[in-house]
Amino acid sequence: MRLITFLISLFMAFNLSAAKKKTFVYCSEASPKIFNPQLGTDGATFNASSRTIYNRLVEFKQGSTKVSPGLATKWTVSKDGKEFTFDLRKGVQFHTTENYTPKRTFNADDVLFSFNRMMDKSHPYHLVNGGTYEYFRSMDMGKVISKVEKLDEYKIKFILTRPEAPFLANLAMDFASILSAEYGDHLAAKKQKEKIDMLPVGTGPFVFKKYVKDTLIRYTAHVGYYEGKAKIDNLIFSITTDKSVRTQKLKAGECHFVNEPSVTDIASIRANKKLKVISQPGLNVGYLAMNTEKKPFDNVLVRQAINHALNREAYMKAIYLGNATVAKNPIPPTMWSYQKATKGYDFDPEKAKKLLKKAGLENGFETTIWTLPVSRPYNPSGKKMGEMMQADLAKVGIKVKLVTFKWTEYLKKASAGEHDMLQLGWTGDNGDPDNFLNTLLGCAAVKAGSNYARWCNKKYQFHVERAKVSTDIGFRSKHYKEAQAIFKQQVPWVTIAHSKVFKAMAKGVTGYTQSPFGSDIFYGVDIQ
Amino acid sequence: MKTFFKNFTKNKGATVALFLLICFLFVAIFAPLLAPYSPNEIFEDAYKLQPMSYAANGNLHLLGTDDIGRDFLSRLIYGTRVSFGVGLMVVVLDLIFGLLLGVSAGYFGGKVDAFIMRLVDVIMSLPSILLAIVIVALLGPSLINGIIAVSVVALPNFIRIIRAAVMAEKQKSYVMANTNFGASHFRKAVLNILPNCLAPIIVQTSLGFSDGILNVAALGFLGMGAQAPTPEWGVMLTDSKDYLETASWLVTMPGLCILVLVLCFNLMGDGLRDALDPKLRGSD
C-alpha cells in the first residue's frame with residue numbers, strides 16, 4: 001500500500017514537473033536564410049540566430065541603443081582611437097547539442113575564429129556557405145580592422161587602420177556574433193564544415209534543436225547560460241508568412257507572440273481581451289531605390305521626376321493606415337544629425353512631367369518595380385504600394401510592370417543589381433547614422449550588395465567618411481547633414497516612410513522589451 | 001433543333017444558368033458603359049469604403065472601394081470581361097488542338113493513336129494545378145501565360161472525349177460506305193464523322209469554360225496569373241484576404257462572382273448533355 005502511494009505521488013510529481021515546462025511559440029514572418037548572422041542581412045535570420053543562439057563581445061542593452069558588456073566584461077580604447085582591448089568573460093559555456101559536446105569554455109580563440117572567418121580570405125572557413133559576409137563588407141569592416149590580436153586566453157585586442165566612431169556599437173551588431181572555434185575544428189575534422197551554419201553552436205540563451213524548412217525552428221533553453229537560464233524552457237518559431245494567418249493564430253492561442261502584425265489587424269487585436277499590443281516609433285525607413293547603374297535612372301532628372309510623381313501622403317493613409325510619417329531623409333527623425341531643413345519633394349505630377357521632358361523622356365518609358373514580398377513595419381504591403389505607385393507613374397507616362405520573388409531570392413537578385421526600381425527598407429541596428437547613410441548608400445555597399453540604388457557619389461562619400469573617423473558628435477552631425485543634403489539633391493531613392501512598430505502578444509506574456517532595432521529577443525520573457 | 005430546345009428548357013437549372021450567363025456576357029461586353037468609374041482609378045481618401053456609401057467628394061460607390069481606393073463595382077464588372085475572355089481563349093485553344101489531336105488519334109488509330117494517347121497520359125499523370133504552376137513558372141507570370149498553362153492542363157479531356165466519339169462513329173456503316181466509294185481521309189474525318197460527334201464536344205466546351213475560369217482564377221490567387229492592376233477576380237481575392245475581418249465584402253464579392261459564373265457553366269453543361277444525348281432523350 002505504501003509502495004502504491006509512493007508510486008502515485010512520484011507519478012504526480014513527475015506530472016507536475018512536466019506541466020511546468022514552459023513552451024513559448026513565436027509566429028515568425030519568414031524562414032531564416034541561414035543560421036549564421038555573419039551571412040545574413042534580414043531580421044528573420046537575425047531573430048533565429050544572433051538573438052537566440054549567439055552572443056557578442058558587447059551587447060545592446062535591452063530596449064535601447066546603449067552598449068553594455070556581453071562576452072567582454074570591460075574594454076579600453078587607446079588615445080588615438082585605433083586600439084580596442086577587451087577583457088573576456090570567464091566560464092562562458094557553449095551549447096551542448098546532439099552532435100557536439102564542447103570541451104572547453106569560451107576564450108580568445110573563439111573571437112579570433114569568428115572575425116578571421118570574415119576577414120581572412122585564406123581562413124579555412126572563409127568560403128564556407130557562400131562566404132558573402134554582406135554586412136561585414138558593406139560596413140567596410142575589412143578595411144577598418146587591420147588585425148585582431150590575442151593577448152592571452154581572456155584578453156583580445158582589435159587594431160584599426162583608422163579611428164572609427166561607431167566601432168564599439170558595430171561590435172554589438174548581429175554580424176559580430178561569436179562562433180565556437182572548437183566546434184569549427186570538430187566539423188573540419190569530420191569534413192562537414194558547411195554544418196557550422198546549419199547546426200549552429202553558440203553561447204546564447206537558447207540552444208538550437210531542429211529546423212524544418214519553411215515550417216518551424218525549435219530551441220531549448222541553454223541551462224548554463226552565463227546570465228542564468230531563460231524563464232521559458234522551449235522556444236518554437238512557427239514560420240507563418242501570411243500576416244492575417246499570423247493574427248488568426250495569435251487569436252486562436254496557437255502562438256504567444258507574432259512578429260509584425262498587419263496594421264489592418266491592430267484594432268481587432270486591441271479589442272481582444274486575451275491579447276495586448278505595444279508600439280513605439282521605429283528606427284526605420286521604407287524606400288524605393290532606383291538602380292542608378294541602369295538607364296534612365298542614371299539621370300538625376302528622372303529620379304527627381306519620380307520623386308515628384310509619387311503621392312506619398314496617400315500611401316500613408318492607404319498602406320500604413322496613418323501609422324507612419326512621410327520620410328524626407330534616409331534616416332529617421334529620432335536619430336541625431338537628422339537634417340530638419342531638408343525640403344521634401346511634393347507630389348506634383350506636372351513638375352514631374354516637366355523634368356522628364358527636360359531629360360528627353362517626354363513620352364515616358366517602360367520599367368519595372370520590384371514589390372516587397374514580405375510585410376515589414378516600414379512597408380506593410382509591398383504589392384499594394386506597388387499598385388499605387390504604378391497608377392501614380394502611369395499619370396506621368398511611365399509604364400510600370402510589377403515584379404516580385406520569394407524573399408530570399410528577392411534579396412539575392414537585388415544585391416546583384418538585377419532590378420530597375422526596388423521597394424525595400426531598413427531598420428537601424430546600431431543606432432548610429434553611419435548605419436543608414438554608409439551601410440545603405442556608401443560606395444563600399446555597392447559591391448557588398450546592400451546599396452540597392454547602386455549609387456556611389458564622391459562628395460557624399462567624402463562627408464560620410466569624414467564623419468566616421470571622429471568621435472565629436474557636433475563635427476559628425478555637420479558632415480552627416482551635408483551628406484543628407486547631397487542625397488536629397490541626387491535622390492537615388494524615393495524616401496517613403498518612417499513607421500511605428502507594433503508587437504502583439506498574448507496577455508500572459510511578460511518581460512518583453514521592444515527593441516529599437518525591431519528585433520525580437522525572448523531572453524527574459526515569461527508566460528503565465 | 002426544336003426538340004433540343006424543348007428538352008433543354010425542361011431542365012430549370014440549366015435555363016436559369018443560361019439566362020444568367022447571358023447577363024454576364026452582356027456585362028462583359030458593355031463593361032465600359034456599365035462601370036461607373038475606371039477600374040484602375042484611385043480615389044484619394046476613399047479607402048475601403050463600405051458598400052452603398054458616398055465618398056467625401058460625393059461619389060457614390062455602390063459596392064464600396066478597395067484598400068487603395070478603387071471603385072469595387074467597376075473592378076468586378078471589368079473582372080467579368082477578363083474571366084469571360086480567359087474562358088473563351090482557353091476553350092478556343094483547347095478546341096483547336098483537341099480537335100486536331102483527338103480526331104487524328106481516333107480516326108487513324110494504331111501508332112498515331114498510341115503516341116498521342118501516351119502524351120495525354122503523361123499530362124494527366126501530373127496534378128493539374130501543379131502542372132499549370134510549373135508551366136507559368138517556366139514562361140513567367142502573366143495572364144496570357146496563365147491561359148496557355150490552363151489550356152495545356154485541360155487539353156487531355158478534350159482529346160479523350162473527341163477521340164472516343166470519333167472511334168465510335170468510325171465503325172458506322174455510312175463511313176464504311178464512304179470508304180467504298182473511295183472518299184479521302186479528310187472527307188471522311190472532317191465532313192462525315194466530325195459533325196456527328198458535335199454533341200459531346202459542345203458539352204465539354206461548356207465545362208471547359210468553367211474549368212478554365214476557375215484555374216486561371218486559382219493561378220491569379222497564387223500570384224501567377226493576371227498581373228496588377230488587371231482587375232481579375234482571383235487576384236482581387238488574394239489581395240483582399242487580409243481584410244476578411246475588417247472589410248469582408250472585398251473578399252466575398254469576387255468569390256461570389258467566380259462561384260456563380262462557374263456554377264452557371266456547369267449547370268448549362270449538364271443541361272446541354274441531357275438535351276443532346278439521344279439515349280437520355282428517349283428515356284423520358
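Two residues are taken to be in contact if their C-beta atoms, placed from the backbone, lie within 7 Å. All views show a predicted model.

**View 1. Contact of helices α8 and α9 in chain B.** Helix α8 (residues 173-180) of chain B meets helix α9 (residues 185-193) of chain B through Y174(B), V175(B), N178(B) and T179(B). On the side of α9(B), the residues in this contact are K188(B), N192(B) and I193(B). Sorted by class, the contact of α8(B) with α9(B) has three nonpolar, three polar and one charged residues. Two packed helices are described by the angle between their axes and the distance between the axes. Here the two axes come within 11 Å and cross at roughly 150°. The crossing of α8(B) past α9(B) is right-handed.

**View 2. Helix α6 of chain B and the residue that follows.** Helix α6 of chain B comprises the 12 residues 128-139. At 1.5 Å a residue, α6(B) should span 16 Å, and the 17 Å between its end C-alpha atoms agrees with this expectation. After α6(B) comes G140(B), which has a positive phi near 95°.

**View 3. A β-α-β unit in chain A.** Strand β15 (residues 366-370) of chain A pairs with strand β16 (residues 399-403) of chain A in the parallel sense, over five bridges. Within this pairing, I369(A) has L402(A) in β16(A) as its bridge partner. Together with helix α13 (residues 382-394) of chain A, β15(A) and β16(A) make a right-handed β-α-β unit.

**View 4. The contact between chains A and B.** Chain B contributes 17 residues to the contact and chain A contributes 16 residues. On the side of chain B that touches chain A, seven residues are nonpolar, four are polar and six are charged.

Note on methods. Residues are numbered from 1 along each chain as its sequence is written. Chains are lettered from A and ligands numbered from 1 in the order in which they are written. This is a predicted model: local features need pLDDT of at least 70, side-chain atom pairs count only at pLDDT 80 or more; totals for chains, interfaces and linings use all residues. Two strands pair if DSSP finds at least two bridges between them. Helices (H or I, at least four residues) and strands (E, at least two) are DSSP runs, numbered from the N terminus. A crossover is right-handed if, with the strands pointing away from the viewer, the path from the first strand over the helix to the second runs clockwise. The expected span of a helix is 1.5 Å times one less than its number of residues. Ala, Val, Leu, Ile, Met, Phe, Trp, Tyr, Cys and Pro count as nonpolar, Asp, Glu, Lys and Arg as charged, and the others, Gly among them, as polar. Axes are lines fitted to C-alpha atoms, for helices over the stretch in contact, and angles run from 0 to 180 degrees between N-to-C directions. A crossing is left-handed if the near helix is turned anticlockwise from the far one by less than a right angle, and right-handed if clockwise.
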